[in-house]
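Visitor: Hi! Could you walk me through the aromatic rings in this one?
Guide: Happy to, let's have a look together.

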Amino acid sequence: MVGFFSLSSGSCGNCYYLGTETQGLIIDAGVSMRRLKKALDEKHIPVDSIMGVLVTHDHLDHIRHLGSYCKKMMKPVYSSETIHGALARHTFTSSIIGGFARVLSSSEVNRIGDFNVRYFVVPHDATQTIGYGIEIGGYRVVIMTDIGRMTDEAVSFASIADTVILESNYDIDMLLSGPYTYELKMRIIQGCGHLSNDECASAIRRFYHKGLKNIFLCHLSENNNTPELAYGNASDALTSLGVGPGDVSLRCLPRAYPSPFFELQGKCSFH
């Protein structure tokens with residue numbers, strides 16, 4: 001069994017769990033250690049089973065509580081060399097990260113317990129932002145939480161995954177007609193900000209394959225999106241490809257509270 005759940009997904013904080021009955025990984029550290037421990041306890045996941053924390057980038061909603069995780073869980077923190085450099089300089093992490101930092105290889109599969117982990121760089125306005133391809137128990141999961149535009153490399157990772165966790169941040173009409181400043185709107189839409197519902201749907205059309213069984217839409221904007229709009233766009237993309245009800249499990253992850261624990265469906269065949 002491979003399971004996944006989100007503890008929080010949005011600008012208020014980002015944190016995700018992926019694991020088996022015996023080992024797990026935390027992706028990002030945007031919720032408090034108290035909230036993390038409570039969520040793990042409620043799902044009967046021992047903290048000792050956590051093999052480490054993966055970091056996608058150095059924005060505060062993804063690393064705010066990383067120092068606390070290090071102090072209280074005493075687990076290694078994995079990311080790229082560039083991101084670790086940023087964490088070593090960041091006010092929230094500089095005093096603690098050094099002894100826990102583990103630099104992932106950019107060219108080889110990284111082994112973390114039973115997990116095989118690779119990363120790929122995506123456009124976003126942090127020091128560097130990465131997505132992850134994670135293989136465990138014959139399952140492959142791809143997560144890209146903040147991505148300004150879809151890249152060919154990101155599509156290639158998703159095209160061989162059975163589970164994709166993908167940003168669907170905003171509805172373009174809501175954003176453009178909303179209260180944000182012109183500068184902030186441009187930051188969001190000009191390729192290094194966030195992925196719109198339309199762009200997410202377009203990405204799904206590009207990477208869909210018959211082995212894909214789970215799509216989770218993440219990092220929905222509180223002000224410029226609704227779960228109904230995000231789900232509708234992604235669902236329409238799947239329908240346009242001839243994907244029938246029940247072929248793919250499609251869900252929106254909640255912004256500010258934990259999702260249910262999902263036992264992932266299906267296994268991809270990897271070559």
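**Aromatic pairs**

Guide: Phe216 is buried, with a relative accessible area of 1% (buried means under 20%, exposed over 50%, partly exposed in between, with a 1.4 Å probe and protein chains only). This is a predicted model, where local features need pLDDT of at least 70, side-chain atom pairs count only at pLDDT 80 or more, and totals for chains, interfaces and linings use all residues. Residues are numbered from 1 along each chain as its sequence is written, and side-chain values use heavy atoms, leaving out hydrogens and water.

Visitor: How many aromatic pairs are there in the whole structure?
Guide: A search finds six. Rings of Phe, Tyr and Trp (its six-membered ring) pair if their centres lie within 6.5 Å; planes under 30 degrees apart are stacked, over 60 edge-to-face, and the rest tilted. Phe4 and Phe216 make a tilted pair, 4.9 Å centre to centre with 45° between the planes.

Visitor: Which strands do Phe4 and Phe216 lie in?
Guide: Phe4 lies in strand 1 (residues 3–10) and Phe216 in strand 12 (residues 214–218), so the pair ties together parts 212 residues apart in sequence. Strands here are DSSP runs (E, at least two residues), numbered from the N terminus.

Visitor: Is Phe4 buried or exposed?
Guide: Buried, with a relative accessible area of 1%.

Visitor: Which residues form the aromatic cluster?
Guide: Phe4, Tyr16, Phe216 and Phe262 form one cluster.

Visitor: New topic: what lies over the face of Phe5?
Guide: Lys43, at 4.5 Å from the ring centre. A charge counts as over a ring if NZ of Lys or CZ of Arg is within 6 Å of the centre and within 35 degrees of the ring normal. Phe5 itself is buried, at 0% relative accessibility.

Conventions: Helices (H or I, at least four residues) and strands (E, at least two) are DSSP runs, numbered from the N terminus.
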